[in-house]
Amino acid sequence: CALPISAAPAPVGAAGAARVASGPQRVLNLPDDLEARGLALEIEKMHRQLPTLDHYRALGVDAKATVEQVREAYFVEAKKWHSDRFAGKALPEEFLHKAEEIFRRVGDAQAVLSDPDKRKNYDFVREREAKGLPTDVNVILEAEGLFRRGQTLVRRGEAPAAEPILRQAIAMNKGEAEFWVYFGFAVYGAKGKEGLAEAREAITKGLGMNEKLDVAHEFLGRIAHSEGKLGEAKKELNLALEMNPKNTHAERELRLINMRAGKEKDGGKGLAGLLSGLRKK
């Protein structure tokens, strides 16, 4: 019995899953024996799903499954796809080969998910793929190197020079909160008021990814100070110091604001005293 079927659809990103391209319609040659035909269809269905399955779905467990649950699931799946089950069933070689591929796939899944170190690395890649983040170590390291260069320039007071470097770092790796925060401050340093909206958006994005990032509040405070919003500046800088008392940059900026406020206050008293003295004369 021959049935036309379409080739498997292009897979979604799933760590450990093979990549296949969609192709033209092909003919599925099913055996005439009813039992063998049922097995062939079962094999075909699972085989076509393989490219879209991560290790957890291949074994039919969730991401919180214990090692014991993984092993139990593996024994069930291994028994289902082992060659012994199909021996003497008049299945064409095509389906026997596909069953072997499925069996190897569930074996690979079990080997990774049963090993704590392998599973940790696998989950790291899987989560980054799901977020559209790079998984290539070389790309991650290159982005980190660019960030460090940009970070150094920002701390040297050369934010405009840091802006294009940090923009490139983010283009390569959008998943690091500090990248966004430093980039936002560099944008403000490079563009001033014209870049204020983009700067705040980037810093706020970083805060959304890591709400305990004291440097984000430091930069928001420094920007607010530059914009003449002293109340907002003091609030943000105090937040930064609450999160990290060792943030010397936030401490210095806050001290500067308080010193200037003190001078203005003293100046006002001096003028009032002078006028009072003139009136008495």
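Okay, let's start with the rings: there are seven aromatic pairs in this protein. And before I go on, this is a predicted model, so keep that in mind throughout.

Take Tyr56 and Tyr122. Their ring centres sit 6.2 Å apart with 50° between the planes, which puts the pair in the tilted class. What I like here is where the two partners come from: Tyr56 is in helix H2, residues 55-59, and Tyr122 is in helix H6, residues 116-130, so the pair links parts of the chain 66 residues apart. Buried or exposed, these two tyrosines? Both Tyr56 and Tyr122 are buried.

Next one, Tyr182 with Phe219. That pair is edge-to-face, 5.1 Å between centres and 85° between planes. Again we're linking distant parts of the chain, with Tyr182 in helix H9, residues 177-191, and Phe219 in helix H11, residues 214-226, 37 residues apart. Tyr182 counts as buried because its relative accessibility is 4%, and the cut-off is under 20%. Phe219 goes down to a relative accessible area of 0%, so it's buried as well.

Phe147, Phe179, Tyr182, Phe185 and Phe219 form one aromatic cluster.

Staying with rings for a second, which residue lies over the face of Trp180? It's Lys205, at 5.1 Å from the ring centre.

Now, Tyr182 has a polar side to it too, and that brings in Gln151. Gln151 lies in helix H7, and the side chains of Gln151 and Tyr182 make a polar contact at 3.4 Å. There's another polar contact, 3.0 Å, between the side chains of Gln151 and Arg148. So why is a glutamine on the buried list? Because its relative accessible area is 17%, and buried means under 20%. Leaving out residues up to four places away in sequence, Gln151 touches Leu166, Glu178 and Tyr182.

Leu166 takes us to helix H8, because it's one of the buried residues there. H8 runs over residues 159-172, so 14 residues, and it reaches 20 Å from first C-alpha to last, close to the 20 Å expected at 1.5 Å a residue. The buried residues are Ala159, Ala162, Glu163, Ile165, Leu166, Ala169, Ile170 and Met172. What covers them? The cover includes helix H7, 137-155, and H9.

Let me put helix H12 next to that. H12, residues 230-243, also has 14 residues, and it reaches 20 Å between its end C-alphas, close to the 20 Å expected. Its buried residues are Ala233, Glu236, Leu237, Ala240 and Leu241. Looking down the axis of H12, these buried residues fall within an arc of 140°, so they line one face of the helix. That spacing makes sense, because an α-helix has 3.6 residues a turn, so residues three or four places apart point the same way. On the other side of H12, Gly231, Lys235 and Glu242 are exposed.

With a relative accessible area of 12%, His225 is buried.

Ala65 lies in the loop between H2 and helix H3, 67-81. At 6% relative accessibility, Ala65 counts as buried. It touches Val70 and Arg119, not counting residues up to four places away.

Phi of Ala90 is near 60°, a positive value in a residue other than glycine. Ala90 is at 58% relative accessibility, so it counts as exposed.

Last, the whole-chain picture. How many helices and strands are there? The secondary structure comes to 13 helices and two strands. Buried residues make up 38% of the 281 residues. And of the contacts between residues at least 6 apart in sequence, 60% join residues at least 24 apart.

Note on methods
Residues numbered from 1 in each chain as written. Predicted model: local features only at pLDDT ≥ 70, side-chain atom pairs only at ≥ 80, totals over all residues. Heavy atoms only, no water. Phe/Tyr/Trp six-rings, centres within 6.5 Å; stacked < 30°, edge-to-face > 60°. Helix = DSSP H or I, 4+ residues; strand = E, 2+ residues; numbered from the N terminus. Buried < 20%, exposed > 50% of the residue type's maximum accessible area, 1.4 Å probe, protein only. Lys NZ or Arg CZ within 6 Å of the ring centre and 35° of its normal. Contact = heavy atoms within 4.5 Å. Arc of directions from axis to C-beta. Polar contact = N/O pair within 3.5 Å; in protein donor to acceptor, adjacent residues only side chain to side chain.
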